[in-house]
Amino acid sequence: MRLSLCTDCLGDLPFERMLDKASELGVRGVEMTVGGWSSAPHLRADELLADAGKRRAVLGALEARGLEIAALNVSGNPLDPGELGARHRADTDKTLELAGLLGVKKIVMMSGLPPASPEDRVPNWITYTVSWPATLKDRLDYQWNEVAIPYWRKLVAKAEACGVERFALENFSAMLVWNPATLFRLRAAVGPMVGLNLDPSHLIWMGADPIAAARALGGAIHHVHGKDVRLERGPVDVNGVLETRPVEDVAERAWNYVAVGCGQDLQWWKEFFSVVRMTGYDDWVSLEMEDLTMSVEAGVRTSIDALKQTISQ
């Protein structure tokens, strides 16, 4: 495995200084955002699509530092029924086209989340369906069969035309694909180009075991995020893992994203990567650092140090 960095965590730095910092940290690749919820601080899709010289400059700056593009990231909600969804779909299309021109074969993104009916104006994350109320299952079937699967079939076809080989969908909350079971449902409908960006942090706070999930996923692991979470002793025992407080309210939340090693210990991370490698995955592990309990610099360095000790190289 090789270590890369989600560059949004260094979004305050201009492009070349960000690359210098990544090189200094000892990573070998960068996962760069092109839109979606990100402001895309380092890559401007419209400019790069229009200017071959600027594309060569980007690739040259990477090569000069011994870095590679691990993946392009366009995480957002392309299935949102409103203006946001239209914008995220456009960003996704541009990302595929740019990947083709840059020679990038992997796109990291999210599945999207549709509304629960054609009349709804907002997405609806349905996490509970049994015999009552029966309408919930009907709504979920609408989301999958009428919205998500048709969109993803078209997106897979566009990716193939652009030379992209893999989608890696982050198992993020409030998305239609949020765990292995939902990934396999989409994969069965649209093909093996779609796999999971295995992010252990989300699975942990949702009550799953990422090591068991890795075993179940096998060859459907297309990317891995090195990201940790801590279930906070006390608050989580009282209120459970469902959390609606702002992420900035770290002292009161039931769980928080933390630097790697500040949630699960290094022995856990060694086992996790060992099992992921055992499934056949031998590709990038991208640090995604969103710890608000410490500075960005401290969080990145703490995480890089932990990942260097634990990934299966």
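Biologist: Where does S286 lie?
Modeller: S286 is part of strand β10, residues 284–287. Strands (E, at least two residues) and helices (H or I, at least four) are DSSP runs, numbered from the N terminus. This is a predicted model: local features need pLDDT of at least 70, side-chain atom pairs count only at pLDDT 80 or more, and totals for chains, interfaces and linings use all residues. Residues are numbered from 1 along each chain as its sequence is written, and side-chain values use heavy atoms, with hydrogens and water left out.

Biologist: Is S286 buried or exposed?
Modeller: Buried, because its relative accessible area is 0%. Buried means under 20%, exposed over 50%, and partly exposed in between (1.4 Å probe, protein chains only).

Biologist: OK, charged pairs now. How many salt bridges are there?
Modeller: The structure has 20. A salt bridge is a side-chain nitrogen of Lys or Arg within 4 Å of a carboxyl oxygen of Asp or Glu.

Biologist: What does E97 pair with?
Modeller: E97 forms a salt bridge with K158, their closest N and O atoms being 3.0 Å apart. E97 is in helix α4 and K158 in helix α5 (residues 135–162), so the pair ties together parts 61 residues apart in sequence.

Biologist: And E290?
Modeller: The side chain of E290 meets that of K227 in a salt bridge, 3.0 Å from N to O. E290 is partly exposed at 35% relative accessibility, whereas K227 is buried at 2%.
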